[in-house]
Amino acid sequence: MREASQAGPEEDLERRVELLFAPVHKRCLGVAVGSVTALSLFLATLVHMLRSPDAGYPLGLLSQYFVGYSVSLSGAFVGMGWGFLVGFVAGWFFAFARNTVLGAFKLFFRSRAELAQTRGFLDHI
Amino acid sequence: MADPQALDRNLQRINLRAWGLGLGLLLGLGVFVATNVLVLKGGPDVGTHLGRLSQIFPGYEVSLTGSLIGFVYAFVVGYAIGRLIGPRRPLEGATRKDPLHTHVRLNGHAWGLAIGLLVGIAMFAVTNVLLARKGENVGELLRFAGLYLPGYEVSFAGSLIGFLWLALLGYAAGRLIGVVYNASVRRAEA
């Protein structure tokens with residue numbers, strides 16, 4: 001009876017830790033950031049074409065990185081594809097890095113707690 | 001038994017640190033790769049435009065060394081941003097009871113506000129840093145932002161207009177990321 005009442009708070013604590021260490025979904029964040037980047041680049045290209053149809057500068061500089069991109073209607077679609085790709089990679093990588101760092105913290109604290117638990121045993125050797 | 005609230009605060013601090021490190025690495029690598037793509041491409045006038053980052057990041061240049069300096073600057077900026085936009089309650093809105101299969105949810109409104117304020121303040125600060133530096137062609141490249149943000153110009157009044165525009169657009173972008181992400185996670189977890 002006494003053991004059961006003690007297990008309750010510990011399980012609750014364990015669950016709380018698991019929830020706070022919950023991962024970001026890599027693919028979903030990639031899709032979300034990719035979609036917003038693609039849409040932004042598409043709209044920026046269209047706005048540029050409407051407001052300054054003669055000059056592609058400075059948005060056209062993106063062609064240095066995005067092969068096939070230009071400030072034109074077809075370029076807007078090419079930019080959308082590139083924007084999604086770059087945004088997806090950025091979102092995925094960010095989630096990966098964040099989850100890895102959090103996982104490393106979790107491992108560190110768990111190892112330290114386990115070491116602290118065995119300290120008493122080591123004193124008896 | 002540790003105080004649960006103190007434990008939550010500590011865990012949230014670790015969570016924010018992880019967001020900072022994640023975004024710092026992303027921005028740092030972004031500047032590093034963008035610089036080295038231009039360095040590898042070569043040409044007579046490499047990085048005329050990207051080199052303007054040195055206006056904001058002293059010591060930066062479009063070279064291998066510059067890319068490392070840029071990495072450090074962008075990492076620091078990304079870390080600060082990550083700590084600001086990281087969710088305080090990572091599982092807000094989560095419905096699943098099984099923690100092993102539950103992913104973080106994003107609060108779209110909070111994300112929108114954070115991203116909007118950050119990009120707005122960045123625009124305000126960059127414009128005014130350039131104004132304070134003075135020179136012949138102040139904000140030669142930045143003034144093109146007026147194409148996308150009606151009313152914007154490289155002046156103090158323009159910096160306020162730029163702040164409002166980018167705060168609005170940043171809010172919309174952050175909100176949209178939250179909506180798409182949460183919908184995708186719901187589908188993936190179903």
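Start by colouring chain B by domain: domain 1 covers 1-86 and domain 2 covers 92-190. Keep in mind as you look around that this is a predicted model. The C-alpha centres of the two chain B domains sit 17 Å apart. Where they meet, domain 1 of chain B puts in seven residues and domain 2 of chain B puts in eight. On the domain 1 side of that contact you'll find four nonpolar residues, two polar ones and one charged one.

**Stop two: where the chains meet**

Now show both chains and pick out the contact between them: 35 residues of chain B meet 35 residues of chain A. On the chain B side, helix 1 and helix 4 each supply at least two residues. Which helix of chain B gives the most to this side? That's helix 1 of chain B, with 14 residues. Colour the chain B side by class and you get 28 nonpolar residues, seven polar ones and no charged ones.

**Stop three: a pair of crossing helices**

Next, select helix 2 of chain A and helix 4 of chain B. Their axes come within 8 Å and cross at roughly 145°, and the crossing is right-handed. From helix 2 of chain A, show the side chains that make the contact, including Cys28(A), Leu29(A), Ala32(A) and Val36(A).

Zoom in on Tyr181(B). Neighbours within four places in sequence aside, Tyr181(B) is in contact with Cys28(A), Leu29(A), Ala32(A) and Leu106(B).

**Stop four: the largest nonpolar core**

Stay around there and bring up the largest nonpolar core, which has 61 residues. Which of its residues touch the most other members? Select Leu29(A), Ala32(A), Ile177(B) and Tyr181(B). To see what builds this core, show helix 2 (26-51) and helix 3 (73-123) of chain A, then helix 1 (4-41), helix 2 (64-85), helix 3 (108-133) and helix 4 (156-189) of chain B; each gives two or more residues. Helix 3 of chain A gives the most, with eleven residues.

Key. Residues numbered from 1 in each chain as written. Chains lettered and ligands numbered in written order. Predicted model: local features only at pLDDT ≥ 70, side-chain atom pairs only at ≥ 80, totals over all residues. Domains from an automatic or database assignment. Contact = placed C-beta atoms within 7 Å. Nonpolar A, V, L, I, M, F, W, Y, C, P; charged D, E, K, R; others polar. Core = buried A, V, L, I, M, F, W, Y, C linked by C-beta atoms within 7 Å. Buried ≥ 20, exposed ≤ 12 C-beta atoms within 10 Å, placed from the backbone. Helix = DSSP H or I, 4+ residues; strand = E, 2+ residues; numbered from the N terminus. Axes fitted to C-alpha atoms, helices over the stretch in contact; angles between N-to-C directions. Left-handed = near helix turned anticlockwise from the far one by under 90°.
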